[in-house]
Structures are given as C-alpha cells and as structure tokens.
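Keep the structure in view while reading.

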Amino acid sequence: MRRNSTSTNCLFLFFVAHALARAASPLLAVPDTPFVQEYRDEVAYPRIDKADQLRAIAVSEDNTVWIATKAGVFHRQSDGWIQAFKGSAYALAVRPGEVWAGTWQGLYRVESGTAEKIDAIATVPIVALCADATGVVAATQSALYEWDGGRWISSPWTGPKSIRSIARDSEGGLWIATGMGAYYKKGGALREIYKEADLLTGELRSVAITPAGDVWLGGLGGLDIYRKGRRAESHNTTNGMPNQDVRCLVAEPDGTVWAGTALGAVRRIGGRWSLRYSRRWLPSDDVRGIAVGHDHTVWVATSAGLSAIRRKQMTLADKADHYLQTCLARHVRAPYLVEQCDLKAPGDTEHFTPRDDDNEGGYTGAYLVMESFRYAVTKDPRALENARKAFGAMKFLQEVTGTSGFFARTVVPSDWTRIHDGNETIPPEERADRIVQNPRDKPLENRWRRSADGKWLWKGDTSSDETSMHFFAYLTYYRLAADEAERQVVREHVRRIADHMIAGGYTFRDIDGKPTLWAVWSPEKLNGDADWRAERWLNGLEILGYLRLAELVTGDAKYHRAALALIDKDHYDVLARRPLATEPSERTHFDQELAGAALSLALTEDDPRLRKIYEEGLAFWWQRVRSQNSPWFNFIWASLANPADPTAFHLNECVDALRDEPLDLVQWTVDSRKREDVRLVHEPVLDDVQVDRILPPSERATIRSDSNLYSAVRGEDGMSESSGVFWLLPYWMGRYYGFIDGPKSITAIAHRGEHLSHIENTLPAFQAAIDAGADYFECDVRTTADGRLVLMHDGTVNRTTNGKGRVSDLTFDQIRALGVPTFEEALNLAKGRIGIYVDNKQTSPAALVEAIERAGMGDRVVIYGGSELRQIHALRPAWKVMPEADSVSHLGRVIDDLHLKVAAFDRNDFNPETIAVAGKAGIDIFVDRLGPQDNEPGWQSAIDAGATGIQTDHPAELVRYLRARRLHR
C-alpha cells in the first residue's frame, strides 16, 4: 500500500474537523455550576505544656475560637492567643454574647472579655456543659445545675460519675453521655440507655442533637442515632465508618454531624462516610474536639494543633485557574520543563527548590498537552505561549544530546549541585550483582553528560515512558496549537526521532550506540526474548503508534510500510490487540497511562484494517481501567470511542472527582492502612500494598497522572508539591471534547442604561451601567430628518425632552439642541469598556453598520430588530443579530437563515418549547425581566429556565446577585 502526503493531510484535516465539532457539541456536557470547595488552614495552639491536654473547643457568635486546656481557657485573636484565665478547664459552651467554661474549681462566664465565677455553683470540677436559648446546664460528678436566665436550680445526679457530654432536645429533655451508657432526663424522670440492644457501646464520649431532632451518641465502638426516642441507626466499621473510636460529635445547622475520631474527622454525606485526615487536612489524626462557626468553618482540634476546614464556592474553571497559577509559580524551571518541586519544610510552599526527575520530559509533555487543549478551547494567547515554550523545551531535550534523533530524559543547568540518580563508579563485582538480580539491567556510570556549550547537564538512558508522552504531546500540539511554521518544525523533529528508532532496529540507541534499558520495541526482543514478555504487549502498540504519528505529520508513507511489516511479518497486531500484561506479577499502573497515550496515536489511523486492530486494543485497555473512574483515562476512552451516552464513561463521576480534589497540592503522606473500612490487597499490581476500592480524591494523597489510585500509602511527608497537571490535563481535555461546559456566566444588560437614576438613553445613564458592572447597555437608535443616528426610545422627543415633534421630522441640529446624544457618542463611550445592545428602532442598515464599524465595535454589539436584520446579516455575517424568538417555528427558521448566536425572548415566547429550540441550537437566550419580574426571584426563575442574558432596570442589583452566585465574571 502506498500513501501520498496530500491524502494524508486531507485525512488529518478531517480528523481535526471531527474533533473540533465534537468539542462544540452540547449534548454530553456537564454544566460548570458553582460547588462548595473545602480547604483548610492550620493554626498552632498557644504555648502550653502539652497540646494533647486540650479538653474542649467552642466558637462564639462572633466566630472567635475558644479552647479549654489543662493550662486554662484561651481565645484566638488575629495576633495570637489570649488567656482568659488559668487553671485546668474541662468544658466550654457558648450563648449569644457569652462563653461558659467548666473548670477544676467551678463554673465561669466570660462576657465582654471579663471572666466571672458563678458563686451559686459549688467550687468543684464542672465536667460537662450545655448552653442554648433556654439556658445553661452544668454538670458536676454529683449534681446537675440548670440556669433559666434568672436563677440556678440544682438536682442530685445519681448516675455514673463519668459524665462526658450533655445536650438538650426541643422538648427540654437532657441527653447525657457517660462512660457507662446514656441517660435521658426530663423533669424528675431518668431513663437509662445501656443494654446491647440499645447502644453499640457503653463507653460514650459525646452526644449531639441535629436541628431535625436526631440524637447522635458516640463513643469507643461507634455511634448510634436515636429518632423519636428510639434507636434508628447504628454505625461502626462493619458498615463503613473509617474508625469507630469516636471522641466528639457536633451538629451543623444544616443537620450534618461531624464525628471526631482517633483517625480524623468524619461525617456522613449522601449515604457514605467522608473522612478528613492526614496532614492534607489536619495537624494530627488524633482529634480531641470539633466546633462549627457561624461562618460554617469547621474547627477541628487535634493533639498537634487546630485545623480550620473552610468553604467557598468555586467553579471548575476557578479551580483550573488556581492550579495553573500554582504550576506557573513553582513548577516550571529552565529550559521550561514542568514537574514537582521540593519544599524546605513540610507544607512550606513559600520556600521551594526545583527538582529533576527521570520522567521529566514525559511530565512536561503532559503539560504541553494540557496547554494545547486550553488554547484550543479559550484561544488564550498565554496558553499558546506556554505550549510553544514547553514544545521548545522538549525539542531542546533532543538537540542538547548532539545526536541525529536521540533525546534526553531531562536536562538541568550545569551548576546544579544536587541531581537525582547522579553519575557513579560501579565496581565489577557490583556490576555483576546488578546483572544477576536483573538480567536486563544496563549498569551506567555516566547517566549525566555535559552539553557541548557547557551550560547544561543532560540525562540519558531515556525510556519508552518518556517517549510515549513525547509523541502524544507532539500530536496534540501539532493538531491544536501549532501554526503552519511550527508544524513544519514538529514534522522534522518527529521525523528525526522516528528515523533514529528505525535505524536502531526499533530501539532507542543512546550516545554509546547501545539501546537504553527500557526503550526497546524490536521484534527480536519482544518476540524472541522471554525476559521482555511483560513489556511486549505495550511496547508493540507503542511503536505502531509512533510510526502512525510520523506518517500523519510528515506524510511519508515509509512509516506506514514499516508498521505493516511489523504487523504482517512480526505479528505486532497480536500485541496491539491486548496492550497490557495480564499476569499479576507483570502489571504496572504506569503502563495504563502509556497505553492510553499510544492508543491516542494509533487511532488517528484511517486504514480500516489497522483501525480495527487498534479499536480492539482500546476495548481491552478500557476493560482494565474503567473501574477507576479516572477523568484522565475515561476522557481518553470517550474521545476515541465516541460514545453517545455519557454514562458509558461515568462522566458525572469524573466531574465529581475533579470537584472533590483538594486545592492543596502538597505531597502529604496519606496512609490508608490505618483505615478500618478498607481491605489491604495486592491487586491490581501484585508488588504494591493497595486498598480494595478507589477512595475519593479528598481522602487520598495528591497524585500524578501516572499514580496508582489504589495505593495504600503515598506521599512525601509534605516535602514536595505536585504541579497540578494531573488535574488540569483531563479538565481541559473534557472542555475540548464537550464533556464539561465552561462556567456559566449570565450577561447583565442595563435597559436604556441605568435609567432609574439618570435620564434614559443618555451618556450618564450608560456610564452608570458601566460602573455597575453590566456587560451591555441597551440603547434605542433612530435617524433624524437629515440622516444622523441619535438615541431615543419613543418616536417623538416629547416625553424625555422639553421639545416636541417626531425624531424623523427633526434635523440633527434641532435634536442636538434638546440634549439628545448621538449613537456615535455611545459607541465611543462603550469601546473597550462595555458592549452595546442596539435596539434598532428606525435606521438604514447600511448607516448602522457603517457607524459601528467606524467605531471598531463590531464584535461588541448585538443588534435587535425585525426584518432589517437580514440586510445587516448580509452585510456583516459575523456580527450578532438578535430577532425576537416569537415562536418555535419562527425561531427555527431564523436560526438557520441568520446563523443566529443569540435570540431575544419576552414573557410571551419565554416558554419551555421555544427555549428548547434555542438550547438545541446552542444559541444565547436574552430575556427581558422588566416590571414585576425585575427582582431576585424573577432573575433566578429566568436563569433556571435557561436564560443566558437578562435585561433589567436594576443593573447594579442584578450584577451583585449574579456575582454572589458566581454567575457573572
């Protein structure tokens, strides 16, 4: 079979067009609606003898944090901790304006910064407190004291002296958790709850009551939930709790209950337990107390300090911005390679140093793929510039070697004194030992070499790992970001590397002329050497993918002939159909990523026979990776298999995973072996200790794109930070292929400017709309008797000026004398600051177009009108013209006739049927919300129904409303 470059390039263009069409499809997209993102701040304790002597924590109405310790009671101010009083304290409770503290010598009330001892209560230890709108309850080991706001009433306590916690229900009854079971006291009656049929454990530590009235009782052994006086649920490690040593409980206003345990803080969400533990969330897993502030911050007190788990609303796009800024700030080093960085102290991202890595070229390739996708979606010139720099760095990895086609693993400035896996002298005996232990080993003394100009050290022995990511990056950059001149550079670069492989007998020969340890794809090794059995499947697919890319970008049919020879003569089709090892001892997780990259290369193939082979390989690969719900793997499969149903690749679960990933990218060690809700196994990778299910991103360590999500232990004790590319790559890939929508932003349109405080259709009204943050101001354009364009809603000047007469009968000078602004003035005011929604009342289409074009505002206007829109569209097809939707049939016609990007809706046509037509066509829906509907409920109902733009008489209020909901940028 022969191919020519013309046919190849035509097929390539078809491939690009198909991909771009898929990217624009709205059918599969998950909307990027705001979600609650949790993040944490750590806070050190005040200097006390031992931090583990903390006994209680509370948050007052003004969100001040209070702690009770053996050293006394402290409250936190912006500049540190203030001690309220000294001496052992055991319990805290808060009411509006006051904090109550139970100490070794009685009860204290702190009000306005002053501590007052309550003399009505004996000077004995106060072991538990409860405070609410009804009053305060204080417990000693022998009595209960209740204060109703005016007096203290005491009653003897005849139950166990080990009172740990008290809570009052809505009926005034007291639930009391003790070391010997629970008690319910109402009036003079006391009910004991202790039997095995009533509680999981008698060793209770805490009780909490939700706003709905559910009573949670927790202790050593789990927790029970009482509902209407009866035990309704029980939870421990047998039904999913990560740890059943419960130390404290607290209920949030929305009913969520947090449990502090010996392994972090847990809560039950959506039928499953969510765990916050490890230094990714807490100073220590040993939780001693939890309190919730009025700002919804959850304060977790541990034996090593406090953690504030805060919340903020974000979109995925906001999160992408956060990760990108992190990456650019600390993870790009000369000559524009991208990888992790080392930290001077655990979690200290202010002080960092770059690091080198064996697979740095591959990780930079992943970054290049990400920025290429981002550029294709956004056309952001910064993404394009970043992609160009990353490709330049990867190209430099080849140039620095001084060879015809070999490229380095990585490169560092020659003055670096600390590098990974440096050069060494290997004595003959040790060399022999290494080969005995691994017959394929290639002992190297000189991994690092100096560049010809002396400025760089480059690392050889490049593996197939980097090669696959290099080629995948070249494909994506060539396809989505490079211009024609840059594509020519890619062509020659790929050609050099591919020819070097072919000349080396399908191996990657290093500067010593010998194959590197891992970069081997030759038939002699894959088919004839038993020591290569584990790699033969993946490596066979890889070389076919490399040859396909070389053919695709160069148009040279010799690469296709080479691939056919490997298939027909050496049976590489057998390898490509099952590109992962199946024997447990031969599996590695990294191979799954490399196979995905190789399949992305191979499936650009247009030869039906070869495509069928690679499609079988894709199906085999997908069966191995689909259970992970990895956005990276799932989006690779979906981009290649093109499924009609998003559930086929678990799209919603993938988006949930992207949302759940913490903002903190520090490589804190997370040890899942401590959990009691998972089993430790040796699968899918035999030599790793793994858990038996994929844990949510917020409950595992920060990963890289090649990480095994089943790993039981991962992290570097907070001494390094991930670049975030593992998240950014699938996010932008999902955006490109239309799996994820961009963030929803509602367009705010100021009706006739801000005309409630200024005269409508005037420059001050338009300036006020700009100041309010509106996206457009609406203005009404008419023509004077002598052909000038002015602004006036009515056909006459009677209502808004002190003159009389029809606009069309008055000359420009007459109109101007009345203070009426011109359309030209509005255009000049708006340019570079705001868009204009032109209500074309009565103009010549040609004159309107000329005025807009003269002002350079063609891309910032939307023109509303009637039949004249066809003439405007004919004159400037790229501009936005906006007819009234009117009806289903009418909208359907004008969408096609005018290639609509936007349509106007009023209360008559803003109905589900007509909205659906606009939604299917992917056009914007601008709706009026004037009069009685021009308020928050009216705006929200329009948004819920599908509006993408709202015209209002209250632009400042609308913008504030939208921004509060992250619906306006």
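## Open sheet

The model is predicted. Five bridges connect strand 28 (residues 298–302) with strand 29 (residues 305–314), and the two run antiparallel. Thr302 sits opposite Gly305 of strand 29.

Both strands belong to an open sheet of four strands, ordered 2-29-28-27, with antiparallel pairing. Strand 2 (35–43) and strand 27 (287–292) are the edge strands, each pairing on one side only. On average, neighbouring strands of this sheet are turned by 20° against each other, direction ignored.

## Salt bridges

The whole structure holds 78 salt bridges. One of them joins the side chains of Asp132 and Arg168, at 3.1 Å from N to O. Asp132 lies in the loop between strand 11 (128–131) and strand 12 (136–139), Arg168 in strand 15 (residues 163–168), 36 residues apart. Arg168 is buried because its relative accessible area of 13% is under 20%. Asp132, at 23%, is partly exposed.

Lys185 pairs with Glu146, their closest N and O atoms 3.9 Å apart. Lys185 is buried at 14% relative accessibility; Glu146 is partly exposed at 24%.

Glu760 and Arg799 also form a salt bridge, 2.7 Å from N to O. Glu760 is buried, with 12% relative accessible area, while Arg799 is partly exposed, with 48%. Shared partners link Arg164, Glu203, Arg205, Asp245, Arg247, Asp286 and Arg288 into one salt-bridge network.

## An exposed arginine

Arg382 lies in helix 4 (residues 381–399). Its relative accessibility is 60%, so Arg382 counts as exposed.

Terms used
Residues are numbered from 1 along each chain as its sequence is written. This is a predicted model: local features need pLDDT of at least 70, side-chain atom pairs count only at pLDDT 80 or more; totals for chains, interfaces and linings use all residues. Side-chain values use heavy atoms; hydrogens and water are left out. Two strands pair if DSSP finds at least two bridges between them. Axes are lines fitted to C-alpha atoms, for helices over the stretch in contact, and angles run from 0 to 180 degrees between N-to-C directions. Buried means under 20% relative accessible area, exposed over 50%, partly exposed in between (1.4 Å probe, protein chains only). A salt bridge is a side-chain nitrogen of Lys or Arg within 4 Å of a carboxyl oxygen of Asp or Glu.
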